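Dear colleague,

I am passing on the structure we spoke about, and it is shown just below.

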Amino acid sequence: MQTNMRREVNEIPEAAARLLSDQKDAIARAGSALRAADPRFVVTVARGSSDHAALFLKYAIELTAGRPVASLGPSLASIYGAKLKLDGGAAIAISQSGKSPDIVAMAKAATDAGAISMALTNTLPSPLADACSHPLDICAGPEVSVAATKSYVNSIVAGLAILAEWTGDAALKTAVAALPDQFAKAIALDWSGLIEDLAAAQSLYVLGRGPGLAIASEAALKFKETSGLHAEAYSSAEVLHGPVALVGPSFPVIALAARDAAEQSVTGMADGLAEKGAYACVTSAGASTAKPLPFVATGHPITDALALIVPFYGFVEAWSRARGLDPDKPVNLKKVTETR
């Protein structure tokens, strides 16, 4: 019987198409508002998979709009009551449920402090939508599986669509419009060989750089959620500063390389680790020693990174079942987590 997680992964292309169609006007309004405000900086507010979506958007905004982006700890508002000076900036709050008290409190504090605020949420109306000046429905549809998949992807698609409108970046706008078709191609990719390759793993690293680091962070979380496997995400540069000491034959590495300026760096790191006897695989055709994984080249360096998460989701769902687990029922987790 098909799991909820697998079904929702299969819905990613449709969900992305629905978002871009149904929220076209809202996306245009949000982009126009950012263009008019011309924020000097951007802050993000999120937790879990939503925070990994925020990390992806951080890189995308810095690369495309040239504005620095920082992640705010929600507890600054909900626990510590800090008063931040955010006038002249923008805030992006991301939450599937739109009701975690600490996320809502920080988003409201950002709005009250003068930031132009965007809410990316799968739930309208919601407290988070009320707390922000520009709420946007990510239109992922009902997501039953505890492990977020299509809501993670659609949060990023929504942010990228707004970014393209804000900056007037025609290439990014075209690439975003093509994402539903690119996701459909990515779903068909076969990473099932990793099931046997990682069978004995007790811990592993997922590596990336730039937007790919955000995808690596999400992948590492999904290993923990669906399979109880200890996995950590690192920049392929940062891993050299100590963590690489753990890598070996029983400590695998999955390197997520996009077709961007960092591809050679990420691929070179995977090859170097494989040459030293570690199991390493990489989403690049340029690998010489590491095992290559299939990927979809979207033609744009930012959307290329996002497409990597789709075949990974399909793999990790199958891998969880291969280990005798139910990816829909992670231990100690529930669908909506409310923190203060």
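A disulfide is counted here when two cysteine sulfur atoms lie within 2.5 Å of each other. Please keep in mind that this is a predicted model, in which local features need pLDDT of at least 70 and side-chain atom pairs count only at pLDDT 80 or more, while totals for chains, interfaces and linings use all residues. Residues are numbered from 1 along each chain as its sequence is written, and side-chain values use heavy atoms, with hydrogens and water left out.

By that cut-off, a search of the whole structure finds zero disulfides. For Cys132, the closest cysteine sulfur is that of Cys139, 17 Å away, which is too far for a bond. Cys132 is buried, with a relative accessible area of 8%, and Cys281 is buried as well, at 0%; buried means under 20% relative accessible area, exposed over 50% and partly exposed in between, with a 1.4 Å probe and protein chains only.

A cavity is a set of points, on a 1 Å grid over the protein atoms alone, where a 1.4 Å probe fits but cannot get out, and its lining residues have an atom within 4 Å of a point; the volume is the space filled by probe spheres set on the points, which are joined across faces, edges and corners.

The largest cavity has a volume of about 90 Å³, and its lining includes Leu34, Ile92, Met118 and Trp166. Helix 4 (48-64), strand 4 (116-121) and helix 8 (150-167) each supply at least two lining residues, with the largest share, four residues, coming from helix 8. Helices (H or I, at least four residues) and strands (E, at least two) are DSSP runs numbered from the N terminus. By class, this lining has nine nonpolar, one polar and no charged residues.

The second largest cavity, at about 30 Å³, has Arg209, Asp260 and Glu263 among its lining residues, and its lining comprises five nonpolar, one polar and three charged residues.

Finally, five strands form an open sheet in the order 2-1-3-4-5, with parallel pairing, where two strands pair if DSSP finds at least two bridges between them. Strand 2 (69-71) and strand 5 (134-137) are the edge strands, each pairing on one side only. Strand 4 is joined to strand 5 by four bridges, and Thr121 has Asp137 in strand 5 as its bridge partner.

With best wishes

Notes
On a 1 Å grid over the protein atoms alone, a cavity is a set of points where a 1.4 Å probe fits but cannot get out, and a pocket is an open set with protein on both sides within 12 Å along at least five of seven lines; lining residues have an atom within 4 Å of a point. Ala, Val, Leu, Ile, Met, Phe, Trp, Tyr, Cys and Pro count as nonpolar, Asp, Glu, Lys and Arg as charged, and the others, Gly among them, as polar.
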